[in-house]
Amino acid sequence: MKIVPIRFANSELVLLDQRFLPARERYVRCRSAEDTARAIKSLVVRGAPAIGIAAAYGAYLGIAGAERVSGASVCAELRRVNALLSAARPTAVNLFWALERIEKAAAYTAIKGPAEQKKAVLLEARKIHADDKRACSAISRYGARLFPKGSRVITHCNAGMLATGGTGTALGVIYAAGKKIEMVYADETRPVLQGSRLTAWELARNRIPVTLICDNMAGAVMSRGKADAVIVGADRIASNGDTANKIGTYGLAVLARHHGLPFYVAAPASTFDLSLKRGEQIIIEERPSDEIKNISGKIIAPPGVHVWNPAFDITPAKLITAIITDRGVIKAPDRDRIAEILSRKPSCGKSGKKGE
Ligand code: MRU
C-alpha cells in the first residue's frame with residue numbers, strides 16, 4: 001500500500017504529519033518557506049531524503065509570491081529563504097544538497113527573468129522528488145539480492161516510504177525482497193519512537209511480518225539466533241564511509257559485529273558528503289530534553305534532571321558490511337570504493353551484475 005508523505009499541488013506543500021502517526025492521519029499545509037522550515041524542525045516531515053524534498057518545495061514557496069523585477073533579486077531572495085530552511089536540521093545532508101540544486105536552477109535561469117526562474121525552481125523541486133523515487137527503486141533492487149530466502153532482519157528508526165519520495169531505502173530493500181523476508185524486527189527507536197510509530201505501522205500496512213522490540217532488546221534477539229542481518233538508512237555518509245544515522249545505530253552495528261551478522265546501510269548518492277573526510281566532522285543535531293523526559297505528554301523523569309539528547313550517532317565504516325546505493329553496492333566501504341561507485345551514472349538497478 002502506497003504511503004505518500006509529501007505532495008505539492010495548488011501552490012501548497014501538503015505533508016502527512018508524522019508526529020501523530022499511527023493514532024491519527026493528519027496533514028499539514030505549508031504555504032511559505034517559514035511554514036516548511038517549522039514542519040521540518042518539528043518532525044512533521046522527517047527522514048533525510050524527505051527533508052531534502054520538502055525543503056526544495058519550501059524554497060519555491062519562499063520565492064513564489066515575491067514580486068521582483070530582476071532575476072538577480074530572485075537569487076538574493078532564494079539565498080535568504082535557503083538560509084532559513086537550512087537552519088531547520090543540521091545533520092541530514094540531503095537538505096543542503098537539495099537547496100544547492102535549487103539555487104543552481106535559479107542562477108542558470110537568472111537571465112530569463114523572475115517568472116522563468118520561479119518555473120525553473122518548481123521544476124527542479126519536482127525533479128528532486130522524482131529522482132529520489134527512482135533512487136529508492138534502484139537501492140531496493142540492488143539490496144534485495146543480498147537477502148536469501150527466510151531472512152530475519154533488524155531495522156532501526158524509519159527509512160521507508162514515510163522518509164523518502166519512493167518506497168524507502170532500508171525498507172525499500174525489504175519491500176523488494178518481499179517473501180524472502182521472514183521477519184523484520186523493528187527497534188522502537190527512543191526517544192521519538194520512529195520505529196514503533198512509523199516503521200511498524202508502515203510495514204504492517206504493507207503486510208510485511210514485523211515484530212516490535214525495545215531498543216535494548218536487539219542484543220537478545222541476536223544472541224538467541226533470531227536475526228540474520230541488520231539494515232538501516234543514513235542521514236550523512238562521509239567520504240570514508242563513516243555513517244550518521246538515528247541514535248542507537250552505532251550500538252546495533254557493534255552488536256552485529258559481535259554476533260557475526262552483516263550490517264547494511266542503504267542510502268542514495270545524495271546522502272554522501274564527500275567534502276568530509278571522517279564521521280567526526282558530521283554535525284550531530286541535539287534536540288530538546290522534553291523528548292526524553294516525556295512520552296505523549298506524560299512525565300517520565302524528574303523535571304530538573306540533566307538530559308543529553310543527540311538525535312544521531314556515527315557508525316564507523318569498519319563496522320559496515322556494505323552500503324547499498326542507487327549506483328550499486330559498496331562492499332567493505334572505504335574512500336576508493338565509495339568514489340568509484342558514486343562516479344557511476346544513476347541506474348534503475350535492473351541490470352544483472354553491475355554494481356555488485
Ligand atoms: O530524526 P529523523 O526521524 O529524521 O531520523 C531519520 C533517520 O535517522 C533515518 O534513518 C534516515 O534519515 C534515513 S531515511 C531514508
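Colleague: Which residues line the second largest cavity?

Modeller: Good place to start! This is a predicted model, in which local features need pLDDT of at least 70, side-chain atom pairs count only at pLDDT 80 or more, and totals for chains, interfaces and linings use all residues. Residues are numbered from 1 along each chain as its sequence is written, and side-chain values use heavy atoms, with hydrogens and water left out. On a 1 Å grid over the protein atoms alone, a cavity is a set of points where a 1.4 Å probe fits but cannot get out, and lining residues have an atom within 4 Å of a point. Here the lining consists of Leu 43, Arg 89, Pro 191, Val 192, Gln 194, Lys 246, Arg 287, Glu 291, Asn 309 and Ala 311.

Colleague: How do the residues of that lining divide into nonpolar, polar and charged?

Modeller: Ala, Val, Leu, Ile, Met, Phe, Trp, Tyr, Cys and Pro count as nonpolar, Asp, Glu, Lys and Arg as charged, and the others, Gly among them, as polar. This lining has four nonpolar, two polar and four charged residues.

Colleague: Where does the largest cavity lie?

Modeller: Domain bounds come from an automatic or database domain assignment. Domain 1 (6-136) and domain 2 (147-342) both contribute to the lining of the largest cavity, so it lies between them. Of its 23 lining residues, Arg 46, Gly 47, Ala 48, Asn 158 and Asp 235 are nearest the centre. Helix H2 (48-64) and strand S9 (243-246) are the elements that give two or more residues to this lining.

Colleague: Which element gives the most to the lining of the largest pocket?

Modeller: A pocket is an open set of points with protein on both sides within 12 Å along at least five of seven lines. Helices (H or I, at least four residues) and strands (E, at least two) are DSSP runs, numbered from the N terminus. The largest pocket has a volume of about 560 Å³, and of its 28 lining residues Trp 97, Ala 269, Ser 270, Asp 326 and Arg 327 are closest to the centre. H5 gives the most, with eight residues.

Colleague: Which residues are closest to the centre of the second largest pocket?

Modeller: They are Arg 19, Pro 191, Val 192, Arg 197 and Glu 291, out of 18 lining residues. The volume of this pocket is about 440 Å³. Its lining has six nonpolar, six polar and six charged residues. Both domain 1 (6-136) and domain 2 (147-342) supply lining residues, so this pocket lies between them.

Colleague: What is the order of strands in the open sheet of seven strands?

Modeller: Two strands pair if DSSP finds at least two bridges between them. The order is S6-S5-S4-S7-S10-S15-S16, with mixed pairing. Strand S6 (210-213) and strand S16 (328-331) stand at the edges with a single partner strand each, so one side of each has no neighbour in the sheet.

Colleague: How many bridges join S7 to S10?

Modeller: Three bridges join S7 (residues 229-232) to S10 (residues 263-266), and these strands run parallel. Val 232 has Val 265 in S10 as its bridge partner.

Notes:
Grid points are joined across faces, edges and corners, and a volume is the space filled by probe spheres set on the points.
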